[in-house]
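Hi everyone, thanks for coming. Let me put the model up on the screen, and then I'll walk you through it.

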Amino acid sequence: MRFRWLLLIVLVLAGCGQPLQINTPSARATSAASSAPAASPAQRPTPASSPGAPLQGTPTPGIIEQPGGTAATPVTLPADGTSIVVVPNTAVPLDNQQRWRAQQIGRQPFPERRVYYAAQPVPLLWFDPLNNQIVEIGTIIGDVTVQAQFTLRQTQQPALEVPYRINNDFGLTAISEAIRERMRAAGYTESVETYITQTEAVAPKP
């Protein structure tokens, strides 16, 4: 009888040495999650895109600067990194008068026409805008009416702009027919803007 009591006490003491397991709801959930099979990549939910972020493969609006100082053209940039071709805006062609003005650097028109005096014969020159050439009409001497001053782009020389009535002014009344034909082709039939190079032989008339 005493042996049985001792055996019972030993069994009770051995059972008290192990922690009790309580089957709580969280424990059951953890156990179920660990035993469930892992989801394949195809079954995993796609993360939601953040507001305003472009989706992959969706074109992103952008601006590409065009060379030469022209205005930028809005284009669509592919998000996949492929290249795009930008066609620059075609420049508006210049008319003959604008081509002539483009040859004048720092043009300064006078409020009123001024009279210069050429102490010796100087060439009266004309810029042919169609052929981009400087043509000599003839030589002049004496009083010259001037309406502007500038630097000629082709030669980088200071010059004076001289209005010329074709076949009338400065004694040049029989200029070459070939030159007159080139003037007519450029749209000048009655008068044209010519110039003389500003040298020591040309000065404002007192």
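Let's begin with a question: among contacts in the protein between residues at least 6 apart in sequence, what percentage join residues at least 24 apart? The answer is 60%, where a contact means heavy atoms within 4.5 Å.

A word on the ground rules. This is a predicted model, in which local features need pLDDT of at least 70 and side-chain atom pairs count only at pLDDT 80 or more, while totals for chains, interfaces and linings use all residues. Residues are numbered from 1 along each chain as its sequence is written, and side-chain values use heavy atoms, with hydrogens and water left out.

Now confidence. pLDDT is the predictor's confidence in each residue, from 0 to 100. The protein has a mean of 77, with 56% of its residues at 70 or more. Strand β5 (residues 158-165) has the highest confidence, at 98, and strand β1 (residues 60-64) the lowest, at a mean of 44. Over residues 45-70, pLDDT stays under 50, and the model has 28 contacts beyond four places in sequence for them.

As for the fold, the protein has four helices and seven strands. These are DSSP runs, numbered from the N terminus: H or I of at least four residues for helices, E of at least two for strands. Of the 206 residues, 24% are buried, meaning under 20% relative accessible area with a 1.4 Å probe, protein chains only.

Why does Asn-96 count as buried? Because its relative accessibility is 17%. Its side chain reaches the backbone oxygen of Ala-186 at 2.8 Å, and beyond four places in sequence Asn-96 touches Pro-129, Leu-130, Ala-186 and Tyr-188.

Finally, helix α4 (residues 177-185): Ser-176 caps its N-terminal end, with a side-chain oxygen 3.2 Å from the backbone nitrogen of Ala-178. Just after α4, Gly-187 takes a positive phi of about 100 degrees. Thanks, everyone!

Technical notes. Buried means under 20% relative accessible area, exposed over 50%, partly exposed in between (1.4 Å probe, protein chains only). A polar contact is a pair of N or O atoms within 3.5 Å; within protein, one must be able to donate a hydrogen and the other to accept it, and residues adjacent in sequence count only if both atoms are side-chain atoms.
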